[in-house]
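Please keep the structure in view while reading.

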Amino acid sequence: MRVARLRHRVDALRAATVSAATGGPTVDAAILTTVASAIHRRERLRFDHVGHDGADSVRTVEPNRLVYTGRRWYLLGWDTERADWRTFRADRIRPRVPTGPRFPPREPPGGDAVTHVLRNVGSAAWPRPARVRVHAPATTVARRLPATAGLVEAVDEQTCLLHTGGESLTNLAAFLGTLDVPFEVLDPPELRDLLGRLAQRYAAADPTT
């Protein structure tokens, strides 16, 4: 009986989860399975939530998907009190049980939970966020990057914006070099300064110049 219950919880977690990356969770597994079960059974979820400002609140949502961005887990749900979609960091919620009542399914915004969550959390999911104008079509850049690299938004047919981030500015600079297309760093200015210093260092490494 215990094995059957465990298998059911694992199946529910698998069905309720979409990923923008590979890797393991960064939040208590008991929270993930509780949320995933509510998603699987289409039951309203009530939970204690700690906001970005540290304020505590109690939220009630119709949970839609758990999304893993490569660093954190996020819950996408329809907030019943605000009558709108909201994205919550899973490590900042504490589910209240039992869950319920049941609700009819809703299509996630744009039909894609991952894209919606990435658009909302954007580069804020990284310690060092950045915004970069890339001189290449959005479709070309998107094909070269994993979803966890950031969000690509078309500006025109030949230019796009990349909302990205990294663990450090050095890692970000190295990552941008792999794009192999012209780009401009819009922010942060510290990243522009670092790239300028690196460019001088690389130029000095060539004795023919």
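## Strands, helices and backbone

Strand β8 (residues 151–156) and strand β9 (residues 159–166) pair in the antiparallel sense over 5 bridges. Two strands are said to pair if DSSP finds at least two bridges between them. Helices (H or I, at least four residues) and strands (E, at least two) are DSSP runs, numbered from the N terminus. The model is predicted: local features need pLDDT of at least 70 and side-chain atom pairs pLDDT 80 or more, while totals for chains, interfaces and linings use all residues. Residues are numbered from 1 along each chain as its sequence is written, and side-chain values use heavy atoms, with hydrogens and water left out.

A hairpin connects β8 to β9 through 2 residues. Leu-151 has His-163 of β9 as its bridge partner. On β9 there is also a pairing with strand β7 (residues 128–134), which is antiparallel and has 7 bridges. Here Arg-128 stands opposite Gly-166 in β9.

What is the order of the strands in the open sheet? The 4 strands are arranged β8-β9-β7-β10, with antiparallel pairing. Its edge strands are β8 and β10 (183–187), each of which pairs on one side only. From one strand to the next, the twist averages 30°.

Helix α5 packs on this sheet and touches β7, β9 and β10, and its direction makes about 145° with that of β9. Helix α6 lies across β7 and β10, running at about 140° to β10. Axes are lines fitted to C-alpha atoms, for helices over the stretch in contact, and angles run from 0 to 180 degrees between N-to-C directions. Contact means heavy atoms within 4.5 Å.

The two helices also pack on each other. Two packed helices are described by the angle between their axes and the distance between the axes. For α5 (residues 169–177) and α6 (residues 189–204), the angle is about 65° and the axes are 10 Å apart. That makes α5 roughly perpendicular to α6, a term for angles of 65 to 115 degrees. The contact is made by Leu-169, Thr-170, Leu-172, Ala-173 and Leu-176 of α5 with Glu-190, Leu-191, Leu-194, Leu-195 and Leu-198 of α6. These residues divide into 8 nonpolar, 1 polar and 1 charged. Ala, Val, Leu, Ile, Met, Phe, Trp, Tyr, Cys and Pro count as nonpolar, Asp, Glu, Lys and Arg as charged, and the others, Gly among them, as polar.

Some backbone sites deserve a separate look. Most residues other than glycine have a negative phi, and most peptide bonds are trans.

| Residues joined | Peptide bond | Omega |
|---|---|---|
| Gly-100 and Pro-101 | cis | about 0° |
| Asp-187 and Pro-188 | cis | about 10° |

Pro-101 is in the loop between β6 (93–96) and α3 (113–121), and Pro-188 is in the loop between β10 and α6.

Arg-42, which is not a glycine, has a positive phi of about 55°. Its place is in the loop between α2 (29–41) and β2 (45–50). Asp-180, in the loop between α5 and β10, has a positive phi near 60°. Is Asp-180 buried or exposed? Asp-180 is exposed, with a relative accessible area of 67%, whereas Arg-42 counts as partly exposed at 39% relative accessibility. Buried means under 20% relative accessible area, exposed over 50%, and partly exposed in between (1.4 Å probe, protein chains only).

Definitions and conventions:
Parallel < 35°, antiparallel > 145°, perpendicular 65-115°, else oblique.
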